[in-house]
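My entries follow in the order in which I made them.

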Amino acid sequence: MSETVISVRNLTKRFGDFTAVNNISFDVYQGEIFGFLGANGAGKTTAMRMLCGLSYPTSGSGTVAGFNVMREGEMIKRHIGYMSQRFSLYNTLTVGENIKLFAGIYGLSKQVTAKRSDELLARLKFSSERNTLVKALPLGWKQKLAFAIAGIHRPEIIFLDEPTGGVDPVTRRQFWEMIYEAAEGGTTIFVTTHYMDEAEYCSRVSIMVDGEVRALDTPTRLKQQFNAGSMDEVFRMLARDAQRGE
Amino acid sequence: MPGQWMKSFACWPAMHKEESKVMKNNLFALVKKESLHILRDKRTMLIVILIPVVLIVLFGFAISTEVNNVNVAVVAPDRTNGVNDAVNRIAHNDYFTFCGYINQDQIDQQLRSGKVSAVIVFAPDFDRRLEQIYAGLPSTPIIQLIVDASDVNSAGAATAYMQEILLGTASQQAMFETRMLFNPQMKSAYNFVPGIMGLIFILVCAMMTSVSIVREKEVGTMEVLLVSPMRPTKVFFAKMIPYFVISCVVLIIILLLSYYLLHVPMSGGVWGIFSMSLLYVLLSLSLGLLVSIVVKTQVAALLLSGMVMMLPMLLLSGMLFPIENFPKFFEVLSNVVPARWYIEGIRKMMIQGSPFVAVWKEFAILLGMTVIFFGVSLIKFNDKLE
């Protein structure tokens, strides 16, 4: 079995009386594509924010990339990449400038930045677009570029928050190919999504309902366990019992 | 073992250095991004540079509370030497236009139609009674001024000025000797320049920074910055630096324009004016920061910095209306308007020629406000993170 890169135990986050995340525990292994599912309001985003070092848990413990989620948020941030459902690049900058900006934010040297941005553009077949304003790119391209840039500092884990929202099926397919490629290279992918066909692509899937992790396994075994034909059915069965609304 | 201790100890400073270099790098990367963003937005850039110029020229030349070209008619039953002498003075004055003699019964109609805005009525027997006055004998008034006061300000100014001109005729033993200090020509541009400065920096700093931060929140890029190892406070500093630079450019433009175009004296020393303005810029930036933390959308940011901050600033800062004339409540309220202190300080230095030490009170108040606003926004911001 590979190394554990995310490990949380009894992680809980309360906002006043409201328990957004209730006692969740799980492990994520290196090179995995870990699908993190849940209906809106199930506590996905809160859980993910804690793992990214953006907010501190109320109780529980855990490590991300070897750093403590209770205390070492700043160190975690150095070792992860992040791409959000909303657009995460700067429209008024060119493709090249966006790459340089994020390389600069993560403190990469000039030489490394130059090398990696050439590589990145070549891999995406974007070399001719280096000086194009990001604004002018089609959405699918932007998302691919955003994903590539999220990995510019070679993080151990990349968090993807509904990365394919609003993207056409062909581009989604291509996007997932990129995710596979990154995972094969040893990067762990932690992805939230609303598309159940995408859940099938994941190595393992966890499903959150009402702030708790109700199911966690490979898609195949989850389907067996719930005696369902697709992940969509599994998800519906679990989400049906949800107490919390939107 | 000791060797290893030494080794791990020795690597500390090196690591520290490496760390600080990284931090500088990423701050610079963000500042560069922000600057590129501002520079590419040509329209906004143009507005920021153009607004001060337009405002200065507008307030300096077009909008003025000075009396100019006041049309004056004269009613004089006897056109004696004394009357001619007085009318000549009015006619030869640049501020007044002499529109001829009219009859007593035309006064009302002339004023109502707007043909003239003032009528000077000389008493019959003007010369003889003038002599009585010269001789020191008691006398009833011999000149009546009838002024269209629908515009209170210019009516007041015109009246005062006419009195001054006519007084030369009416009494040589002038009872008052009036001297207008600091602004002998009573140029209204002098008064407006500090006000415009107070307005523009709020506009450039508070409004633009808050909108630009909130835009990143809306678009989602702020999230990405916060997940990066970049410290949140640094994200804000990176936002503030380019606007600070723009404000300096705007400040220099305003100072040059007011000195060379409007001939504002600035006798209190340019450096004093400069430091006071930079402090005010910092204050406006902190205000912008505060706004950006409180609101969620760009529209709200615009409304808050535009309406809630700019309007009271315009009305309560003493830019348009003198604070001494406020009702007590508003006078007290004006104390918390930063622009009030800034405008007061700048007025002293620019027009009265007071040295920097004379405005220490205004400076200290602005400094205090800056510290408070900045502190509150940092605390608020850290709260939001949790």
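**Entry 1: ground rules**

I noted that this is a predicted model, in which local features need pLDDT of at least 70 and side-chain atom pairs count only at pLDDT 80 or more, while totals for chains, interfaces and linings use all residues. Residues are numbered from 1 along each chain as its sequence is written, and chains are lettered from A and ligands numbered from 1 in the order in which they are written.

**Entry 2: chain B as a whole**

I looked up the secondary structure of chain B and found 14 helices and 4 strands. Helices (H or I, at least four residues) and strands (E, at least two) are DSSP runs, numbered from the N terminus. Chain B has 386 residues, and 34% of them count as buried. A residue is buried if 20 or more other C-beta atoms lie within 10 Å of its own, exposed if 12 or fewer, and partly exposed in between, with C-beta atoms placed from the backbone.

I then looked at contacts, where two residues count if their C-beta atoms, placed from the backbone, lie within 7 Å. Among the contacts in chain B with a separation of 6 or more, 78% are between residues 24 or more positions apart.

In what order do the strands of the open sheet in chain B stand? The order is 2-1-3-4, with 4 strands and mixed pairing. Strand 2 (96-101) and strand 4 (143-147) of chain B are at the edges with a single partner strand each, so one side of each has no neighbour in the sheet. On average, neighbouring strands of this sheet are turned by 25° against each other, direction ignored.

Strand 1 (residues 70-75) and strand 3 (residues 118-122) of chain B pair in the parallel sense over 4 bridges. Two strands pair if DSSP finds at least two bridges between them. I picked out Val72(B), whose bridge partner in strand 3 of chain B is Ala118(B).

Helix 3 of chain B packs on this sheet and touches strand 1, strand 2 and strand 3 of chain B. The direction of helix 3 makes about 140° with that of strand 2 of chain B.

**Entry 3: two helices that pack**

I followed helix 3 (residues 81-91) of chain B to helix 5 (residues 126-134) of chain B; they pack at about 85°, with their axes 7 Å apart. Axes are lines fitted to C-alpha atoms, for helices over the stretch in contact, and angles run from 0 to 180 degrees between N-to-C directions. The two helices of chain B are therefore roughly perpendicular to each other, a term for angles of 65 to 115 degrees, whereas under 35 is roughly parallel, over 145 roughly antiparallel and the rest oblique.

Asn81(B), Gly82(B) and Val83(B) in helix 3 meet Phe126(B), Asp127(B) and Leu130(B) in helix 5.

**Entry 4: two residues of helix 10**

Is Gly288(B) buried or exposed? Gly288(B) is buried, with 31 other C-beta atoms within 10 Å, and it lies in helix 10 (residues 270-294) of chain B. Residues that Gly288(B) touches include Cys205(B), Ala206(B) and Ser305(B).

Leu283(B) is also found in helix 10 of chain B and counts as buried, with 27 C-beta neighbours inside 10 Å. Among the residues that Leu283(B) touches are Pro338(B), Leu366(B) and Phe373(B).

**Entry 5: chain A**

I found that 10 of the 11 residues of helix 3 (residues 95-105) of chain A are buried, so this helix is largely enclosed by the rest of the structure. Just after helix 3 of chain A, Gly107(A) takes a positive phi of about 70°.

Strand 9 (residues 204-209) and strand 10 (residues 212-217) of chain A run antiparallel and are joined by 5 bridges. They form a hairpin with 2 residues between them, and Asp210(A) in the turn has a positive phi of about 50°.

**Entry 6: where the chains meet**

The contact takes 22 residues from chain B and 20 residues from chain A. On the side of chain B, helix 1 (2-40) and helix 8 (221-227) are the elements that give two or more residues. Helix 1 of chain B gives the most, with 10 residues.

Methods
Lists of a residue's contacts leave out its neighbours within four places in sequence.
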